[in-house]
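Keep the sequence at hand for the residue numbers.

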Amino acid sequence: MMQQTQIAAVGRKTTNSEPTVWPNLYASLAQEQATLLDVIWEQHRYHEHRRWDVQALVGAIDLSALTPADRFFVANAGRAELTTKPGADRVTRLADKECRRWLGTHDSLAKIMQACGTWSRYWNEEEAHHETAFNFIAAALALNPPDDLTVIEYRKIFPDDDMLRTLTLLACSEINAAVTYNEYAHRTAEPGLKALLLQVGADEVQHMRYFISFAKALVDSQMYEPKSVLAIAHLFVRPGGEIYGATRDTKASRDTHVNWWDHLDEAQGGVSLLMGVKKKLAMTYKMVQQITGIVVSSPEDIEDKWMDLIAQEQSA
Amino acid sequence: MQNCSVSEIATFVHEHFAQEVGLDRSELASGVTLADVVRNSPRITNSVDLMECFAKTSNAVRKRYGVRVRLPTYPVNTTIQKLVDSFIEQVQAQITQQDSV
């Protein structure tokens, strides 16, 4: 079995090359240039390549040196990261459901869904590092860590939606997280916390790349519409949109699940988990282009192009 | 375009939005909220679907009145009336602007 996998993966230079997010997933699977085992092998290589030790990184932080701003940031990050497990659980379930739905009528798409569902195990495990690291610090320093009922509340599994919308929303969420961690990593003076934040931020960028890759594969299959990508991008970047999360005048109240960006404390001393809006906007524009090929350059541009796609559908 | 009244625009927006969400206009009385619409609609299940209904209504307004209504960002406890008012306000402002050119 091991030998077969190695043989199948020879074309990917598994032992010598840097692991990466599989490029052009739809073409690879549809044209039978790769099997699911090839894709899964590459996912596993990347996961192993990026593994790190929470206890080692947390142990390197001088907790007594953390400033009030550092403490504020860590406490909010710990609470926000609680919602990634239900997010990943949802992707696992939805991807398998979609895989069974397409199997027999569009097998390439069924394979993409299976590749996505399989990868969700790595995503879930990697996010566990983030949650436990920040919440360990929050508990150790008595920074009002989430109590048991809060943990249970934040674990509510997200409701199902269209798969392309779901993947795009997760890419947007990872953009927000990655930029925020990176921004604060460059503000904190404590070297251990800086190293932890840079590590977590790099993980989030990798997750974003995976979500973009799966979303692009769905668009490439022509069975999912690019308008879904623009709709979610619009949801995030419009004035008062999700990118502004807790700073909005009025927040959405849901009884189905918790969006982490709706439940952050008010910014303290210029620190919040909503830093780097300009960078987040730029990365969202790039994401839209990578998934759909459509070039966008502003929130208004996204709205216009999304509405044009809808108008074409209305007049068809 | 100069002759269109507030009530005409309101009726158009109301009717078109009702059609998009699959409800009767009578089910969209002024006190009804966007959350009620998502709950009661046979066609939509979440706020992204709802946003798409705003977009389709805006496209219909553009086709009918020749003006582009920007989509409002409202929380789900907003009333339908507030949404319709936002559309009317934008249509009137743009028509007035066009007339003064």
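The model is predicted. In it, 21 residues of chain A are in contact with 19 residues of chain B. The two chains bury about 1800 Å² between them, and carbon and sulfur atoms give 50% of that area. On the chain A side, A:Arg165, A:Met307 and A:Gln314 together supply 29% of the area buried against chain B, more than any other three residues.

The rule finds eight salt bridges between chain A and chain B. B:Arg68 forms a salt bridge with A:Glu303, with the closest N and O atoms 3.4 Å apart.

Which elements give two or more residues to the side of chain A that touches chain B? They are α11 (227–237) and α13 (299–315) of chain A. The largest share, 10 residues, comes from α13(A). Sorted by class, this side of chain A has nine charged, eight nonpolar and four polar residues.

Now turn to α11(A). This helix is mostly covered, with 11 of its 11 residues buried. Among the buried residues are A:Lys227 and A:His234, along with A:Leu230 and A:Phe236. The cover over α11(A) includes α9 (163–185), α10 (191–220), α12 (277–292) and α13 of chain A, together with α3 (47–65) of chain B.

Terms used:
Residues are numbered from 1 along each chain as its sequence is written. Chains are lettered from A and ligands numbered from 1 in the order in which they are written. This is a predicted model: local features need pLDDT of at least 70, side-chain atom pairs count only at pLDDT 80 or more; totals for chains, interfaces and linings use all residues. Side-chain values use heavy atoms; hydrogens and water are left out. Contact means heavy atoms within 4.5 Å. Buried area is the accessible area (1.4 Å probe) that two parts lose on being put together, summed over both. A salt bridge is a side-chain nitrogen of Lys or Arg within 4 Å of a carboxyl oxygen of Asp or Glu. Helices (H or I, at least four residues) and strands (E, at least two) are DSSP runs, numbered from the N terminus. Ala, Val, Leu, Ile, Met, Phe, Trp, Tyr, Cys and Pro count as nonpolar, Asp, Glu, Lys and Arg as charged, and the others, Gly among them, as polar. Buried means under 20% relative accessible area, exposed over 50%, partly exposed in between (1.4 Å probe, protein chains only).
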